[in-house]
Structures are given as structure tokens and as C-alpha cells.
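Reader: I have just started looking at models like this one, and I would like to go through it slowly. Could you take my questions one at a time?

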Amino acid sequence: QKRLSVAIVAAVLLLALLVGKLWLSNRSALQNATAPVATLTTAAVPVAPTISEKSIAVLPFTDMSEKKDQEYFADGMAEEIIDLRAKVPNLHVPARTSSFYFKGKPTKIPDIARELGVAQILEGSIRRSGNQLRVTAQLVRADNGYHLWSQTYDRDLHDVFKVQDDIANAVVQALQITLMGGSVSRRAGGTQDLEAYQLFLRANYANQQNNKASEETARGYCERAIKLDPNFALAWAALSYTTSGLTLLRALPVAEGNERARQLAQHALMLSPDLVDGHVMLGNIHRVYDWDWAAAQAEFRQAIALDPNDSGALQNSALLAATLGRWDESERQARLALVGDPLNPDVYWVLAATLYRAGRFADAEATYRKLIELAPEYSWAHEYLAKVLLAEGKSEAALTTVQQELEEADRVDVLPMVLRAVGHGADADAALKVLTTKYADTDAYAVAMNYAYRGDHDLALQWLERAYQQKDSGFIEIVGEPLFKSLVGDSRFKAILRKMNLPVRDDVAD
């Protein structure tokens, strides 16, 4: 099955999850994890905070190299500076996913600043020739275009870490922020091996493609980086994430892939116990594969304690809360993630899924539409929006929507129900046959939903038992799923929930 894991998103969702990959998740927000739930004015757009003068967005650096083959390096430069910037107290820095949303788009600086809620923009370029590196950076006020600071660095490639630190500290000084200790600190779990670092950047760049080929490429880069520097904890966490992604994409068996991802995350934490990404990754495995809610919660709490503003930690914690039917808590944490990462499709996914299962269908529809606006080809977005439209009684719109889902495996999970809703009974039966024959080993949970929708409780429960035995990750979405509403009073359904240590309710949308 291919249900959320964020982040992954946030993880794994958190694929695209990640899309701010878990090991490059950024550390910025304006609120803390105990803030109250904001009143929902429009479901898709969080209430905009007042723009602070101590706020900055770091845009992707431009590759000015002659062969234009250093984009991965230019992206990595911006990502590292985002991470360094985000460690400064009282400085608001939107996460990588949101800042990189504008990459390649002809968007004006004031518009970018308004979308991201910042007063300043840092932009730059890199030019690499052999081992020679030129980095240019400038800090610009968004409202009037005034240059607060600019600098060009001509250095040997081996000085790249020093250049990143210099830029980060220069920006802090330009914004007149006083730091405890006098300088920006680099994140835990890194490396000083230049070749290993470049392989790590290549892995991250490959992972943005979110398909089997790119994940395999990323895995190879991570393994080579680790071979060069076995103590490179971030590379171990990245390899854990990539392994989890390959499992989600069915390139690795469920048990093998998850166990391997667990070992890799544990090793990353052994090397660097305070590595937020390692705790997020391990917590996600506990949630998606182990179904050990207490262990998952402990890892996410540890990650949030280490960095209360980490988008990946907040997303995954929100998903866990939704798994347990804690709708208010899930919404609150998703909205906190949006403060620091306002254009991250993964966070909108988490929020929309929570609103849907809480029974707030109109809000969920608006949020899924915002997600599709941000990322039109986002996996599962059209499939899940179709479920919302079905719940709202908009069956024709649901059919149009689900047909836009790119992958058959995702489309066919919902298509039989939608076809049945619009009165195409024979086509619905044919679609269900495709689902039960081609995807029985991976999508048993979806088959159960289809039989529940048809009112065939016995077959629905049989397929749920099969999904349970297969460790189908769809089970993490069972609490509150409207399509199982007809089963909530059945003692057999309640028994399945108890086996999962999930709350047993009489109303799925309370």
C-alpha cells in the first residue's frame, strides 16, 4: 500500500515526504508546539502572521557554471544556508520546500516575500570550474529592493563549508541579530569530507524526482558517501529515508525494506543521538510498519524537543495524532508546520487527510485543491480528493477527479466506488476486479473499503483481515474513515481496531 508517510514527506509521505526531505528538513516557525488551534477561516490557507523584520527566505542559488551541471551543488549551498539560518533564535526562515517552490518560476521578489511571509530575501549563484568556486550572495529588502549586504567569494572548493558559514554569519550581522556564542552553529551529523558531502548533495537532488529510478540513484550516492565517511550520520539517515521510499514504491518487500530502514535510522542516531532526522525516521517506521503508537510518539516528541519548529517532526507527529483520532491535535501541529513551511504540499496533505477523517468535508476539499494547485502531479492527491467529493455527494466531480490520477495503482483504489456512485455498475465491477487481481498483495485495505462501500460487510472484513496480515500501511488511516462508517457497530470491526490498539468508536467522525 502506498498510504502517507511524510514527511516523508515528512517522511514518507512522506515521499515527495518527503519535499523537504527528512534529513534536510528546516528549522523555522513563529510558534511553539503548545500553541492553541487557530480558528479555521479558509481551510486551504493558514492565517498569515505579521511579517517580522527578523525574517528571511533563502532562494535556490543559480548554477552559473559553464556546463550547467552543478545544480545539485547550487541547491545544496542554499539548503545548508537555510539550515544554518534556521538555528538563529527569533529569526523566521521558511523551510526549503517552500523557498524552492519558486525555483524556475518568473516570480518577482515582493511576491515571493509576501507568499512566504518574510521581509528579506537572500539570493545567490555559484560558478564552479574544477576545484575553483565562486559564490555570490546578496541580501535584499523585499519592499524596496534595497541591498542590505552582498559579497562574492572566490575560494578553493575545499573551503565550501567555510563559505557557507561566512554567508550565514554575514546575514545575521546585516540583520543586527545578536547570537549566543558569537556565530552560527552547523547542524549535527555532518561531514568535513568534501567528496562525501557532494555525494550527499547528489542523493538529495535525485530524491526530488520521487520515483524508483531516482530513489535507486539516491541510494547509491548515500552508500558511496558512507563508505567515504562512515561517521556521516546525515547520510545514514538519508539512506534510511531512501530505503523507506523504495519500500513505499514496491521496489523492496515490506518487511525487508522497513527493517533495513529501521537499522539505518538507528545507526544514524548511534552516531549522532541529537539528530532530529533520525528520530523522525525511526518514529515513522514505528507508526507505519510497527503500529507501535507509544514508540512513535516518543520519537516524535524527542525530535520536537530537539527542534520545536522542524517541519518533518511536526508533520509526522500530526499524522500520528490523526491515526489515533486526535483531530484537534493533528490540525494544530499541521498548521504549525505551515507557519515555517507555508508552500509544502506534504503539509497540506496531512491537514487535508485530517479534515476529511474528522468529517469536515468542505474544508478537506478546499485543502486538497490547494495541494493540487501547489503540486498538480502530487501522487494520491486526486485519488483522495475524489473520496472527499464522494463523501459530499459530488459523484460526477469525483469521477472527473479520480481519472486525473496518473498511476493506475492509485486510481483503481477509488475508481470502483466512484463508477458505482454515478451508476456505471458494469464498469465498477470491472475496475474492482482489476483491483482485487492486480493489487491484492499491496492494496487489500483499499479492496476492503470498496466492499464496505457496496455494503458487503463480510467481504470487507475478510479483506481487512488480509490487510492486517500483510501489514498494509492503509491501516494507519482507518480511524475516522467515512467509507467504513457502516462497519463501526460490527463487533468484528471493533476487534480489528483493538488488535491495532486503536480507539473503538461508535461514530467515525466525532
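Predicted model: local features only at pLDDT ≥ 70, side-chain atom pairs only at ≥ 80, totals over all residues.

Reader: Is α7 enclosed or open?

Author: It is largely enclosed by the rest of the structure, because 16 of the 16 residues of α7 are buried.

Reader: Let's switch to pairs of helices. How do α9 and α11 cross?

Author: The axes of α9 (residues 276–290) and α11 (residues 311–323) come within 10 Å and cross at roughly 15 degrees. Since angles under 35 degrees count as roughly parallel, α9 is therefore described as roughly parallel to α11. The crossing of α9 past α11 is left-handed.

Reader: Which residues make that contact?

Author: On the α9 side they are V280, N284 and R287, while α11 contributes G312, A313, N316, L319, L320 and T323. Sorted by class, the contact of α9 with α11 has four nonpolar, four polar and one charged residues.

Reader: What about α16 and α17, at what angle do they pack?

Author: Helix α16 (residues 395–402) and helix α17 (residues 408–421) pack at about 150 degrees, with their axes 9 Å apart, and α16 and α17 are therefore roughly antiparallel to each other. Here too the handedness is given, with α16 passing α17 in a left-handed crossing. The contact involves S395, A398, L399 and V402 of α16, together with R411, V414, L415, V418, L419 and A421 of α17, and these residues divide into eight nonpolar, one polar and one charged.

Reader: New topic: where is W380, and is it buried or exposed?

Author: W380 lies in the loop between α14 (361–374) and α15 (381–391), and W380 counts as buried because its relative accessibility is 7%. Its phi is near 75 degrees, a positive value in a residue other than glycine.

Reader: And K471, what is its phi?

Author: The phi of K471 is near 60 degrees, which is also positive in a residue other than glycine. K471 sits in the loop between α20 (457–469) and α21 (491–499), and at 25% relative accessibility K471 counts as partly exposed.

Technical notes
Residues numbered from 1 in each chain as written. Heavy atoms only, no water. Axes fitted to C-alpha atoms, helices over the stretch in contact; angles between N-to-C directions. Helix = DSSP H or I, 4+ residues; strand = E, 2+ residues; numbered from the N terminus. Parallel < 35°, antiparallel > 145°, perpendicular 65-115°, else oblique. Left-handed = near helix turned anticlockwise from the far one by under 90°. Contact = heavy atoms within 4.5 Å. Nonpolar A, V, L, I, M, F, W, Y, C, P; charged D, E, K, R; others polar. Buried < 20%, exposed > 50% of the residue type's maximum accessible area, 1.4 Å probe, protein only.
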